[in-house]
Amino acid sequence: MGILSFAFFVVCILKVIVAQPATDPNEVVALKKLVDYWNLSTKLNLTIDPCNKDATWATEDKNPRIACECSTTVCHINHLKIYALDISGDIPRELFELKELMDLNLGQNVLSGPIPSEIRQLSKMQYLSLGINNLSGPVPPELGSLTKLVSLSISSNNFNGNLPTELGKLTSLEQLYMDSSGLSGPIPEELSNLKLLHTVWASDNRFTGKLPEFLGTLTNLKTLRLQGTNLEGPIPLNYGALTKLDDLRIGDLSKGESSLDFLGNFTSLSILLLRNCHLVGELPKQLSSFSNLKILDLSFNKLTGQIPNSFQDFASLQYLFLGNNNLNGELPESIISPNLVALDVSFNSISGSLPLNFAKVGLTMNVVGTSINSDSLYDEKASTLLQCLDNTKCSNIATSTSFSVKCGGMKQVSASGIRFDDDSETLGAASYYAGSNYNWAVSSTGTFISNPNGPQYIAQTDTQISGTLDSELYKTARTSSSSLRYYGLGLKNGKYAVELHFAEIQMEDTRSWKGLGKRLFDIYIQGERVVEDFNIQDEAGASKKALIKKYEGNVTNNILDIHFFWAGKGTCCIPVQSTYGPLVSAIHVSQVGDQVSSKSDKKRVGKVVGIAFGCAAGLLIISSIFYLWWMKKSATHQRIHTGSPTKPLTS
């Protein structure tokens, strides 16, 4: 009997040892309500304990995923991932019953409504991702209670109002993603307390005020993105202390001139974009000493002077964008370094000859709008284009009154009989070429840095395009990460009608998270901005739907310039990375009728005037006859006049 009792005792001990503690009952109830509310029962069948180690959702690679931390008596859910599963609705209060959560990933869904203030209850949270959703309302100050946060993502939502100052309490924060989130107002000074920050994405918000000087004190920063805001320059000199930076992107400052004097010893930099920042002064010679620099974009500024000879010495540079500045002099002979694949010096007062190895395989180069000698170009069309744009006249090109281009696609004739020229030529990050008949050209600059499919500058779809009889016209489009320009060449001077054809073929308008993208860009005609923050999808009312916008342009020097420009706004990464920037499907330009038929109009006016005079004369004769008849009929009733008598009327 004693042996049996001992054996029973051992079995009980073994059961205790091998038994897995159960999940906290309150958390089980809350989790089941979440699963029901978000319609996840087919993916999370909670007929077994949520913290069961053998559950299909327990491993790190699973989505959805539930992971737990267990004591000897109870388990608590501390990881919950429901990522890119298109769950919709608001954030239920039951979520905040999971008070032991350390990692919550609800990114890339279509959650709506505000972030509840109860989020303060998740005080153990370290990683919180709510990015790419449809959340709205103000960002709750209660987020400041999550003082253990290491990473916070609220990107690509529809919040409003200012960033709460309480976020300055998150002193453990290392990553802050808040781009395209709808925020406005000044960036709070309290963020200067976040000394551990190494990643900040804050582009495409309506931030106002000066570019924050306190950012220069966050010396652990490795990535800083501030493009497409309403912030003003100058770039503070103390940004020179950010020597750990690998990726610095500041752009589209509303005003305030900046210099490049803050660029000190940035040896870690691989990406430097200071585009459209009102930069003045000369190019620093020491830039070439940044041995890890792969992308340098200083375009659309006011930089002056010559390109330093030291720019021949870049060790790793692949993309160099210096276009649309006030640079002069000649290009350094060996500026095309071994790794360089794109060089843009367009629209500068640069002269002289092309670099020695300008024909290097794999290199694209844009020198449109310069005075560089193009005689050595192998491409006659490209040479003619450069001469045309440089001299602001196209004497070698027959004058015309129209041109039509199928942007990014093969030639075709529309249902109305318009012949759209072929524009299927492959462009690179700094490219230009002229159409086959020399009466139009295209110029493109910019590179999609993180495109998972590699650099692509033509968008295309197999889906039918609605709202048009010319679906094929919209199935391809030119796109750019920065600047895309089309030129009409050799046009007769006068007023022109400009028809721009669009269809959003990259972004979706489904109820999925993939339908949350926003493309915004500006359109200029003859250097004048005709529309700001243009959104194809909003204007058309849907994706894959044709849209025609009509403008006018006045040609005075035989050239028409249509410029599509990305000003840093719109989402960057929906439905995939590098989905942004201008996109255009086709262009049709024709001189307006007043100019085309001026001679016939003069003849028509003469005829009208002649007829009018004839009618007036006839009316006068008829009136005179009637008057004489009336006077004769009433002669016996003449009035008596005093003074000199009138001569009697005779018939």
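Are phenylalanine 311 and phenylalanine 314 buried or exposed? Both are buried, and I'll come back to that pair below. A few notes on what I see in this predicted model.

1. **Overall picture.** The protein chain runs to 651 residues, of which 51% count as buried. The secondary structure comes to 6 helices and 40 strands. If you take contacts between residues at least 6 apart in sequence, 56% of them join residues at least 24 apart. As for surface, the chain exposes about 30200 Å², with carbon and sulfur atoms supplying 52% of that.

2. Have a look at the open sheet of 4 strands, which has the order 18-20-22-24 and parallel pairing. Strand 18 (280-282) and strand 24 (349-351) stand at its edges with a single partner strand each, so one side of each has no neighbour in the sheet. From one strand to the next, the twist averages 15°. Within this sheet, strand 20 (residues 302-306) pairs with strand 22 (residues 326-330) in the parallel sense over 3 bridges.

3. **Phenylalanine 311.** This residue sits in the loop between strand 20 and strand 21 (319-321). Leaving aside residues up to four places away in sequence, phenylalanine 311 touches Leu283, Pro284, Leu287, Ser288, Leu296, Leu320, Leu322 and Ile335. There is also a C-alpha to C-alpha separation of 8.8 Å between phenylalanine 311 and glutamine 286, which are 25 residues apart along the chain.

4. **Aromatic pairs.** The count comes to 16 aromatic pairs. Take tyrosine 177 and tryptophan 201: the ring centres are 5.3 Å apart and the planes stand at 80°, so this pair is edge-to-face. Tyrosine 177 belongs to strand 11 (residues 175-177) and tryptophan 201 to strand 13 (residues 199-201), so the pair links distant parts of the chain, 24 residues apart. Tyrosine 177 and tryptophan 201 are both buried. Back to the opening pair: phenylalanine 311 and phenylalanine 314 are edge-to-face too, at 5.2 Å centre to centre and 75° between the planes. Elsewhere, Phe448, Tyr457, Trp566 and Tyr580 form one aromatic cluster.

5. **Strand 26.** What encloses this strand, and which strands does it pair with? In strand 26 (residues 402-407), 5 of the 6 residues are buried, so the strand is largely enclosed by the rest of the structure. Strand 26 pairs with strand 40 (residues 586-591) in the antiparallel sense over 5 bridges, and phenylalanine 403 stands opposite valine 589 in strand 40. With strand 28 (residues 419-423), strand 26 pairs in the parallel sense over 3 bridges. Here valine 405 stands opposite aspartate 421 in strand 28.

6. How many salt bridges does the structure hold? The total is 19. One of them joins glutamate 97 and lysine 99, with the closest N and O atoms 3.8 Å apart. Both ends count as partly exposed, glutamate 97 at 38% relative accessibility and lysine 99 at 35%. Another bridge brings together lysine 210 and glutamate 232 at 3.9 Å, N to O. Lysine 210 is in the loop between strand 14 (206-207) and strand 15 (223-226), while glutamate 232 is in the loop between strand 15 and strand 16 (247-251), so this bridge ties together parts that are 22 residues apart in sequence. Lysine 210 counts as exposed, at 52% relative accessibility.

7. Lysine 569 and aspartate 533 meet in a salt bridge of 3.3 Å, N to O. Since lysine 569 lies in the loop between strand 38 (559-565) and strand 39 (583-584) and aspartate 533 in strand 36 (residues 528-534), the pair ties together parts that are 36 residues apart in sequence. Lysine 569 counts as buried at 17% relative accessibility, whereas aspartate 533 is partly exposed at 30%. The bridge is part of a network of salt bridges that links Asp522, Arg529, Glu532, Asp533 and Lys569.

Key:
Residues are numbered from 1 along each chain as its sequence is written. This is a predicted model: local features need pLDDT of at least 70, side-chain atom pairs count only at pLDDT 80 or more; totals for chains, interfaces and linings use all residues. Side-chain values use heavy atoms; hydrogens and water are left out. A salt bridge is a side-chain nitrogen of Lys or Arg within 4 Å of a carboxyl oxygen of Asp or Glu. Buried means under 20% relative accessible area, exposed over 50%, partly exposed in between (1.4 Å probe, protein chains only). Helices (H or I, at least four residues) and strands (E, at least two) are DSSP runs, numbered from the N terminus. Two strands pair if DSSP finds at least two bridges between them. Contact means heavy atoms within 4.5 Å. Accessible areas come from the Shrake-Rupley method with a 1.4 Å probe; for residues, only the protein chains shown count as cover. Axes are lines fitted to C-alpha atoms, for helices over the stretch in contact, and angles run from 0 to 180 degrees between N-to-C directions. Rings of Phe, Tyr and Trp (its six-membered ring) pair if their centres lie within 6.5 Å; planes under 30 degrees apart count as stacked, over 60 as edge-to-face and the rest as tilted.
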